[in-house]
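Please keep the sequence and the structure in view while reading.

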Amino acid sequence: MTHRFWSTQPVPQGEVSEEGPISIPSIVSTNPLPLPPSFEWTVVDIHNEQQLQSLYELLSNHYVEDDDSCFRFNYSPQFLLWALTVPNYLSQWHLGVRKKDTGELLAFIAAIPQNLNVNSQIISMVSINFLCINSILRSKRLAPVLIKEITRRVNLEGIFQATYTAGINIPTPFSEAQYFHRPINIKKLVETDFLMLPADKVRIKHKIYNSIPVSQGVSMRAMTSNDVDSVFEILTQYLAKFAVHPVFSREEVAHYFLPRPRVVSSFVIVDSQDHVTDFISYYHLPSSVLRAEKEENSMLYAGYIYYYAQSKTPIKDLINSMLTVAREEGIDVVNCLSIMDNQSFLSDCMFGPGDGNLHYYLFNWKLKPVKDTQVALVLQ
Ligand code: MYA
């Protein structure tokens, strides 16, 4: 397959033999890329309620759908605020395209700062997310313009590397992970076609999935601001064993993991000195059900396993305790990828394989293929 755009970009075009940067631009233009005359660049001020709402509407109407167009991600405005205002974020990296005459937000892309440890090299980079173009403007080569303009804005800050994930396969992923799902609300998952089950099996399966084993002696509580230092320590230690993992500051640990209702849920297990021995988190990302037959089924509430750090508690007990809370928090299904140590609990905790795959990419950095179990990177 030929890639008119990606073949021109500093990304590996084939097999990687040597690891490291691909190019450093000598001059970074201070002028934004030109857009067709009826469009203009805009910085989406997500602290402004109206602008946050317009971003929410663009994404909830046009962002990622599954292959059969049954579900579309529905990131809540509070989630977007959390994901985009990380420590040291820059507002000029919340980049949109508006229609000049109406002011309508038609496209978006975001970069956020991210320090990543890649095979023991710490690289100060950005992660790219929320690339979205209104469906009426698709296939007009606007995506390359958005990507080049965000690249320019990131380069202007002296940053030349980025990481991103995508369902599609473009030049050239360094890893690929598979999605797994742990049904909780079987009835709703079947009614919304998330799960296919013969009608006579629904009741019995509901019973099986609804009863999550109680892990004896495991007492988990919500993370609080007093736990930040402890979580920082055990998470840093735990992530170090993976080939690709973020390097979090204390401030980032506080931002990413202190619980926010219906955005991120984080739990700790502590020893008798109140020191955190184990930590687990998941984020809340519902999907709109595009052909829901009942109003109560119009949204599917999914929890995505985020970062965790395990030392004293067996991982399956940690996950089962989290599943119990997720059920109490109204989650219909818990999803995870085949990364980190996830494969070690999938069958014990009744996760089944999905048909989605996620590709992991680095921009302007050559990296030999990395096994999914060596990747500890979760982009929302
Ligand atoms: S992944 C989520 C992506 N969003 C969606 O899937 C939402 C629904 N879809 C859309 O809104 C549109 O279909 C999008 C493409 C916007 C995706 N990543 O304008 P076009 C290439 C990278 O005619 P459209 C996420 O957010 C495609 O291969 N490239 O296409 C991470 C082709 O190039 P080539 C993609 O369908 C994003 C060209 O675009 C993607 O109208 C990371 C066609 O352009 C994709 N997901 O719009 C972005 N989809 O001919 C890269 C299509 O060469 C960041 N394309 O094959 C790179 C680092 C930048 C910063 C660097 C700093 C140092």
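The text below goes from the whole protein to the ligand and then to one strand with its partners.

The model is a predicted one, in which local features need pLDDT of at least 70 and side-chain atom pairs count only at pLDDT 80 or more, while totals for chains, interfaces and linings use all residues. Residues are numbered from 1 along each chain as its sequence is written, and side-chain values use heavy atoms, with hydrogens and water left out.

**The whole protein**

The protein has eight helices and 18 strands, where helices (H or I, at least four residues) and strands (E, at least two) are DSSP runs numbered from the N terminus. Its radius of gyration, taken over C-alpha atoms, is 21 Å, close to the 21 Å that the globule rule (2.2 Å times the number of residues to the power 0.38) gives for 380 residues, so the protein is as compact as a globular protein of that length. Of these 380 residues, 53% count as buried, that is, under 20% relative accessible area with a 1.4 Å probe and protein chains only.

**The ligand and its shell**

Around the ligand there are 33 residues, each with a heavy atom within 4 Å of it. By type, the shell divides into 21 nonpolar, eight polar and four charged residues; Ala, Val, Leu, Ile, Met, Phe, Trp, Tyr, Cys and Pro count as nonpolar, Asp, Glu, Lys and Arg as charged, and the others, Gly among them, as polar. The elements β6 (121-133), α3 (142-155) and β7 (162-166) each supply at least two residues of the shell, and α3 gives the most, with seven residues.

The table lists polar contacts, meaning pairs of N or O atoms within 3.5 Å.

| Residue | Polar atom | Distance to a ligand oxygen atom |
|---|---|---|
| Histidine 3 | side chain | 2.6 Å |
| Serine 139 | backbone | 2.7 Å |
| Leucine 142 | backbone | 3.0 Å |

Taken alone the ligand exposes 1,200 Å², of which the protein buries 88%, with accessible areas from the Shrake-Rupley method and a 1.4 Å probe.

**Strand β11 and its partners**

In strand β11 (residues 264-270), six of the seven residues are buried. Strands pair if DSSP finds at least two bridges between them, and β11 pairs in the antiparallel sense with strand β9 (residues 220-222) over three bridges, where phenylalanine 267 is the bridge partner of alanine 222. Strand β12 (residues 276-284) also runs antiparallel to β11, joined by seven bridges, and here serine 265 stands opposite tyrosine 282. Between β11 and β12, which form a hairpin, lie five residues, and aspartate 274 in the turn has a positive phi of about 65 degrees.

Definitions and conventions:
Polar contact = N/O pair within 3.5 Å; in protein donor to acceptor, adjacent residues only side chain to side chain. Buried < 20%, exposed > 50% of the residue type's maximum accessible area, 1.4 Å probe, protein only.
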